[in-house]
Structure formats: structure tokens, C-alpha cells
Amino acid sequence: MNAEKKYVLPAGVQVRQEKFGLLFYNYRGPRLYFVPTGDLLPCSFFTGQQTVRDWAAAAAWRYKTSPERLLTRVLKLLALLEAKGLVHG
Amino acid sequence: MGNRYVDMGLSAPVNVTWEVTYACNLSCVHCLSDAGARRTQELDTAACKSMLDILARYKVFQLSIGGGEPFVRPDFLELIDHAHRQGIVTCISTNGTLITAEVARRLAHPLVYLQVSLDGATPAANDAIRGQGSFVQAIRAIENLRRHDIEVSINTVLTRLSFPELDQLVALAAGFGAKLRVSRFRPSGRGKQAWSDLNLSPSQLAAFSQWLSRHLEVSTGDSFFSVSTEERRSLGLNMCGACKLTCCIAPTGAVYPCAFLQEPEFQAGRLPHDDFGQIWHDSPVFASFRQLEIKSCERCYRFDLCHGGCPAVAYHTQRRLGLPDPECLVNCIRVRGPAAPTALEYQHVAGTSLP
């Protein structure tokens with residue numbers, strides 16, 4: 001995983017925020033993925049406007065953690081999502 | 001399927017069944033909507049677009065569009081274009097009669113998916129239910145759609161006529177590069193009158209359950225969790241998704257828990273005028289539906305696989321919610337009579353969820 005990447009949703013994939021975290025829908029199926037991220041990543045992250053590193057640097061204070069720890073956590077999550085074809089960077 | 005996350009309550013449905021019109025150019029004997037003539041109070045184009053805007057705002061991912069026959073509406077293509085512009089996927093159920101080569105060309109879009117209804121693999125079986133000539137027209141529609149590489153499935157309602165032809169239907173679909181989707185016959189609309197003639201016997205349903213477990217490539221639109229076996233657990237829902245993952249909007253804009261419960265007592269509101277968030281989260285109908293518990297099923301070894309089955313079938317056959325689906329696999333096996341299941345069959349059916 002590369003912290004300098006920006007992530008977007010592939011064609012046919014949608015995401016929305018739910019109480020448990022992110023709910024992904026992939027038109028190509030299987031259709032629904034329940035990802036219990038809580039409020040770790042907002043849906044707006046997947047518009048590809050910021051690199052993961054920039055996002056972590058800006059968001060760390062909200063999670064009361066260091067940018068490095070947040071970055072590690074988010075990169076792990078993005079690797080899983082990318083492996084499922086739900087995001088790409 | 002993340003049931004525990006669903007039980008936390010979703011912000012909106014992931015899929016909405018939208019019946020766009022009651023008008024239909026066929027008169028299928030089992031029609032769930034009792035479709036035929038267009039009815040007064042159906043939403044006009046502007047109201048439909050307002051409704052689609054609302055669903056897009058709530059991030060509804062997918063519309064399962066039916067009717068009636070959607071393509072009877074002169075503005076239908078305009079409406080699905082409006083949905084696609086907002087990123088909503090459309091799964092359109094059609095009888096295929098109006099899918100000309102030109103309409104198929106127009107439908108080619110990455111967010112569109114077609115289900116063409118065929119209730120048998122032969123004209124004899126299909127046309128007995130859907131009307132003379134409907135088999136040939138449906139096949140022509142599938143050909144037109146596949147020519148434009150549009151994803152298609154053949155949608156078959158399981159009846160006594162289609163049941164013996166399921167293997168042929170699988171082959172027919174495969175020949176077009178399509179999938180077979182088998183839907184449950186329910187006693188709503190004209191299905192109430194046709195129920196005793198067309199519904200499968202318990203032993204046939206038990207046999208169908210075994211057939212389904214051998215055909216994991218066949219989809220069911222989550223309508224057979226009441227009889228599906230352990231092998232299909234990962235393929236879809238193991239519970240009714242009404243008011244939790246999905247709901248239904250009638251041609252008038254009336255909102256119901258599902259397409260098979262379009263009864264006045266289940267109307268939760270009306271779009272585009274009522275607040276959709278309020279309907280979804282706070283309407284008494286939806287709230288009570290979400291709390292529905294089929295207590296008498298909770299000790300059953302299959303409870304984890306079906307959670308009491310389809311409330312709509314239970315309601316239409318017993319006129320009350322909260323009762324078990326009378327056609328669940330346990331009941332089907334129980335009434336099969338002398339050919340009762342062997343211990344081996346029970347193990348196969350129950351999988352690892354035997355107490």
C-alpha cells in the first residue's frame with residue numbers, strides 16, 4: 001500500500017455511511033459489503049481529492065491519535081477494500 | 001450477510017422495489033399486482049422524477065423495477081435515464097414484449113440489468129400462464145438484449161408448470177449467456193385465485209430445495225430462504241429484508257414493506273409528498289415490521305437459515321403477521337408423508353446448525 005495514493009470507487013461501486021461504518025454496494029456482485037469501520041473513514045475520502053497521508057495528517061486530531069498510527073490503520077483497511085475490488089488507488 | 005449490522009438499522013433501504021405502473025399488455029394468471037389497465041393516481045413523469053431524487057438523496061443503491069409492464073409507460077426510458085444519472089442501478093423486470101431491437105440499443109447502459117420473465121422452458125408451460133405467444137416474444141427480447149451485451153437473467157416464477165422444466169430453463173438461460181433466477185409464487189394479486197392450482201405441493205417444494213442446493217448458479221432474489229439449505233447460506237439473505245434492507249413503492253407512490261404486501265393496512269406513506277426518512281425510520285408500519293418475531297420458530301433447527309420465512313406468504317395464507325411461513329422446509333418435509341426424510345437427508349438439510 002502506498003500512503004501517497006488517492007483512492008476512488010471503481011465504476012459500479014457505491015458507498016454510504018451507516019451506524020456500524022461503511023456499507024459498500026458493488027453492482028458486479030456479491031453486492032453488499034458491511035465494513036465495521038465506525039466513523040474511521042468518511043465516504044468523502046473516496047472522492048480521490050487527498051492522498052492517504054494528507055488525509056491522515058489532517059484527520060488525526062479528530063481521532064485523538066497520531067497521524068502515523070491513523071495512517072497504519074487506514075492503509076490496512078484500504079488494502080482489504082482494494083482486494084475486494086471496492087476501491088482503487 | 002451482515003445480519004447484526006442490518007439489525008442496527010440502516011439509514012435507508014439498499015434496494016427499493018418500484019412498480020412503475022399497473023398497466024400491462026399481458027394478463028398472467030399469477031400476477032402479484034393484478035396488473036392490467038393503467039389506474040388513476042399513478043405518478044406522472046415529474047412526480048416520478050421527484051421520487052427518484054429523494055431516493056438518490058438517501059443513497060438508495062438499486063431499484064428493482066416492475067409493474068405492470070414497465071415499458072408500457074411512454075416515459076419509462078426517460079425515468080431510468082434519470083435514475084442512472086444519479087448513479088442508481090436499475091434491475092428491470094419485463095415480459096419482453098416491447099423490447100424491440102431499438103429499445104434494446106437504447107437500454108445499453110452500465111447500470112442497467114434486465115430480467116425477462118419466462119414461466120416455462122416451453123411455449124406450452126409458459127403460455128399457459130403468461131398468454132399465447134408470450135414465450136416467443138420473450139425469447140426475441142432476450143436475443144435483442146444480448147445482441148447489445150446487456151446483462152440479462154431469465155426470471156421464472158416457480159409453479160407446478162415451471163417446476164418440471166427447471167433443468168431446461170437453466171440450459172435455455174445458459175444458451176443466451178444469461179442466468180436463471182427463480183422467484184417464489186406468492187398468493188397476492190391474481191396469485192390468490194391461482195394459488196391452489198399452481199402452487200407446488202410440499203413434496204415438490206422439498207424436492208425443489210434439493211434442486212436449488214445442486215444449482216448454486218441459480219439465483220433466487222432472496223425469495224427462497226424458507227427452503228434453502230446450508231449450501232446456499234452465503235448466497236443471500238437468510239431472513240425477510242422488508243423494512244430492513246428494502247421496501248416497495250407502488251405506481252401511486254404508496255410505500256409498503258414489500259411488493260407482496262400492498263394492502264391498505266401496510267401502507268406506510270406516499271411519495272413524493274411524505275418525508276421518506278420519516279417513513280423509513282418512524283412509520284408505525286415499518287417499525288412494527290422490523291420488530292416482527294416468529295416466536296414459534298425460534299427453537300427450530302433451521303431458524304438460523306430462515307428466521308421464520310416469508311411474512312407475506314404467512315399473511316396471505318393465514319391473514320395475520322407473526323406466524324410461521326407455512327411452506328418452510330420443515331413443514332414441507334413433515335407433510336411429505338410416507339416418503340419421510342431419512343436421517344441422512346435431515347443432516348444434509350440442517351447442515352451444521354443442528355442443535
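## Partly exposed ends in chain A

A:E4 is partly exposed, at a relative accessible area of 44%. This is a predicted model. A:R53 is also partly exposed, with a relative accessible area of 41%. Both fall in this class because it covers values between 20% and 50%.

A:E4 and A:R53 form a salt bridge. Their closest N and O atoms are 2.6 Å apart. The bridge links distant parts of the chain. A:R53 lies in helix α1 (residues 52-59) of chain A. A:E4 lies in the segment before β1 (13-18).

## Two helices in chain B

B:K49 and B:E78 meet through their side chains in a salt bridge, 2.7 Å from N to O. This pair, too, links distant parts of its chain. B:K49 sits in helix α2 (residues 45-57) of chain B, and B:E78 in helix α3 (residues 76-85). They are 29 residues apart. B:E78 has 38% relative accessibility and counts as partly exposed.

B:E327 and B:R184 form a salt bridge at 3.1 Å, N to O. The partners are 143 residues apart. B:E327 is in the loop between α13 (311-318) and α14 (329-334) of chain B. B:R184 is in the loop between β6 (179-183) and α8 (191-198).

B:E327 counts as buried, at 11% relative accessibility. B:R184 is buried as well, at 5%. Salt bridges with shared partners join B:R184, B:D325 and B:E327 into one network.

## Overall count

Over all chains, the count comes to 15 salt bridges.

Key:
Residues numbered from 1 in each chain as written. Chains lettered and ligands numbered in written order. Predicted model: local features only at pLDDT ≥ 70, side-chain atom pairs only at ≥ 80, totals over all residues. Heavy atoms only, no water. Salt bridge = Lys/Arg side-chain N within 4 Å of Asp/Glu carboxyl O. Helix = DSSP H or I, 4+ residues; strand = E, 2+ residues; numbered from the N terminus. Buried < 20%, exposed > 50% of the residue type's maximum accessible area, 1.4 Å probe, protein only.
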